[in-house]
Amino acid sequence: MKTLLVRRAWLAGAALALAGAGLATPAAHAQDVIKIGEINSYKNQPAFLEAYKRGMELAVDEVNAGGGVNGKKLVLITRDDNANPGDTVRVAEELISREKVDVLAGGFLSNTGMALTDFAKQRKFFYLATEPLTDKMVWSSGNAYTFRLRPSTYMQVSMLVEEAVKLKKKRWAIVYPNYEYGQSSIATFKAKMKAAQPDVEFVTEQATVLGKVDAGSVVQALADAKPDAIFNVLFATDLTKFVREGNTRGLFKDRPVVSVLSGEPEYLDTLKNETPDGWIVTGYPVHTINTPEHKAFFLAYQARFKDYPRQGSVVGYTGIKSLVAGIKLAGSTDTEKLVKAFEGLQLLSPFGMITYRAQDHQSTMGAYVGRLKKVKGKGEMVDYVYRDGKNYLPSDEEVKKLRPAS
């Protein structure tokens with residue numbers, strides 16, 4: 001019954017946002033608002049974060065049109081971190097001291113997300129990590145004040161390992177960006193593949209500088225290793241360059257590729273007719289999900305922005321909705337009360353029900369796993385299935401070993 005009521009409330013709220021799309025929110029006095037301080041790499045990762053910001057704005061509009069939170073209007077204050085951990089901390093401090101924000105949210109790159117995680121711990125200030133994927137955020141470097149929304153590298157790679165094992169390929173090549181997200185992804189992939197298929201071999205690893213991949217050299221090195229299959233963790237502009245060069249040189253011909261994030265519209269929109277057929281990916285098949293909660297979100301977003309949502313839109317929207325649900329349950333923006341409210345917090349997202357786990361502060365949001373296919377000159381995900389995040393997380397006993405007391 002509780003889930004049904006939450007679902008009805010979600011759909012009613014989305015309908016309200018749809019009806020009121022484009023209406024301005026009335027100004028409110030400072031004491032009548034709740035300020036969300038959001039920090040992200042807007043200039044460095046525009047393809048993902050423009051849609052992400054729109055998702056946040058839609059959620060704020062919807063909440064305010066429905067009366068706000070505990071009688072107060074939401075105010076979203078965004079800042080750019082220049083994709084730099086030092087700038088991230090500086091901006092976070094300014095948001096708290098000058099703007100008097102009630103909570104912090106955001107982060108895209110794992111290194112800036114980790115900077116915010118440590119900042120939240122030092123300042124004892126609530127932080128909802130919306131985008132960063134590194135496992136350290138909720139385990140080895142986890143703390144009482146940080147929660148994370150998106151499915152982590154461990155979760156998404158675990159979903160893909162299930163598919164990789166089915167290929168029954170022995171010799172694997174690996175390519176990844178050489179920073180925390182990429183390193184974490186590769187460590188999980190290798191460990192889980194070894195456990196599931198003991199005779200697996202990793203014949204080459206290509207670690208690239210984030211945003212500066214030398215695609216020609218990488219593709220040649222992979223081809224020289226003559227792998228049976230490839231595991232890819234590159235994303236954004238690095239992914240585009242890698243795919244283009246790989247297509248040109250025939251790297252993917254008759255060779256399976258398993259790839260994290262590559263089914264997200266942000267990247268398929270750029271690849272268009274260069275989308276490689278058959279890749280096994282995690283992503284977001286935006287146009288063909290038919291659940292009531294996704295349809296409501298899709299229509300509200302389309303009405304507001306005259307465009308379809310991307311993966312970032314779902315994350316931005318759900319991040320704001322998570323904060324609203326937590327603040328309502330806590331009855332306050334007091335950090336300690338908010339932490340308590342978030343531990344076990346449940347809410348409905350465009351992907352279905354999610355829970356923020358008390359044991360590690362990771363949400364159970366899942367991901368879609370499917371294959372890439374060119375359809376009418378652009379890439380889409382086909383033959384996909386939704387993998388619930390709760391099924392790809394370690395047990396309570398394992399978490400106790402992974403996460404320090406906080």
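A note on what I am looking at. This is a predicted model, where local features need pLDDT of at least 70 and side-chain atom pairs count only at pLDDT 80 or more, while totals for chains, interfaces and linings use all residues. Residues are numbered from 1 along each chain as its sequence is written, and side-chain values use heavy atoms, with hydrogens and water left out.

**Entry: salt bridges**

I count a salt bridge when a side-chain nitrogen of Lys or Arg is within 4 Å of a carboxyl oxygen of Asp or Glu. Searching the whole structure, I get 24 of them.

I started with D269, whose side chain meets that of R310 at 3.0 Å, N to O. D269 sits in helix α9 (residues 265–271) and R310 in the loop between α10 (292–305) and α11, so this pair ties together parts that are 41 residues apart in sequence. R310 is buried, at 14% relative accessible area.

Next I looked at E50 and R54, a salt bridge at 3.9 Å, N to O. These two are four residues apart in helix α2 (residues 46–65), so about one helical turn separates E50 from R54. R54 comes out partly exposed, at 23% relative accessibility.

Which residues join E50 and R54 in a network of salt bridges? I find D269, D307 and R310 linked with E50 and R54.

I also noted D254 with K253, where the closest N and O atoms are 4.0 Å apart. Both D254 and K253 are exposed.

**Entry: positive phi**

D254 came up again for its backbone. Its phi is near 55 degrees, a positive value in a residue other than glycine. D254 belongs to the loop between α8 (236–249) and β9, and its relative accessible area is 74%.

N70 also has a positive phi without being glycine, near 50 degrees. I place N70 in the loop between α2 and β2 (73–80); at 45% relative accessibility, N70 is partly exposed.

**Entry: the sheet**

I say two strands pair if DSSP finds at least two bridges between them. In what order do the seven strands of the open sheet run? I read β7-β6-β8-β9-β10-β13-β14, with mixed pairing. β7 (201–208) and β14 (378–387) are at the edges with a single partner strand each, so one side of each has no neighbour in the sheet. On average, neighbouring strands here are turned by 30 degrees against each other, direction ignored.

Then I checked strand β9 (residues 257–263). Seven of its seven residues are buried, so β9 is largely enclosed by the rest of the structure. β9 runs parallel to strand β8 (residues 229–232), and three bridges join them. On that side, I230 stands opposite V257 of β9. Strand β10 (residues 280–283) also pairs with β9 in the parallel sense over three bridges, and S259 has V281 of β10 as its bridge partner.

I moved on to P177, which lies in strand β6. Is P177 buried or exposed? P177 is buried, at 1% relative accessible area. Taking contact as heavy atoms within 4.5 Å, and not counting residues up to four places away in sequence, I list G182, Q183, T208, L210, V233, L234 and F235 as touching P177.

**Entry: one helix pair**

My axes are lines fitted to C-alpha atoms, for helices over the stretch in contact, and angles run from 0 to 180 degrees between N-to-C directions. Helix α11 (residues 311–330) and helix α12 (residues 335–342) have axes that come within 8 Å and cross at roughly 110 degrees. The contact is made by S322, L323, G326, I327, L329 and A330 on α11, and by K337, L338, A341 and F342 on α12.

Definitions and conventions: Buried means under 20% relative accessible area, exposed over 50%, partly exposed in between (1.4 Å probe, protein chains only).
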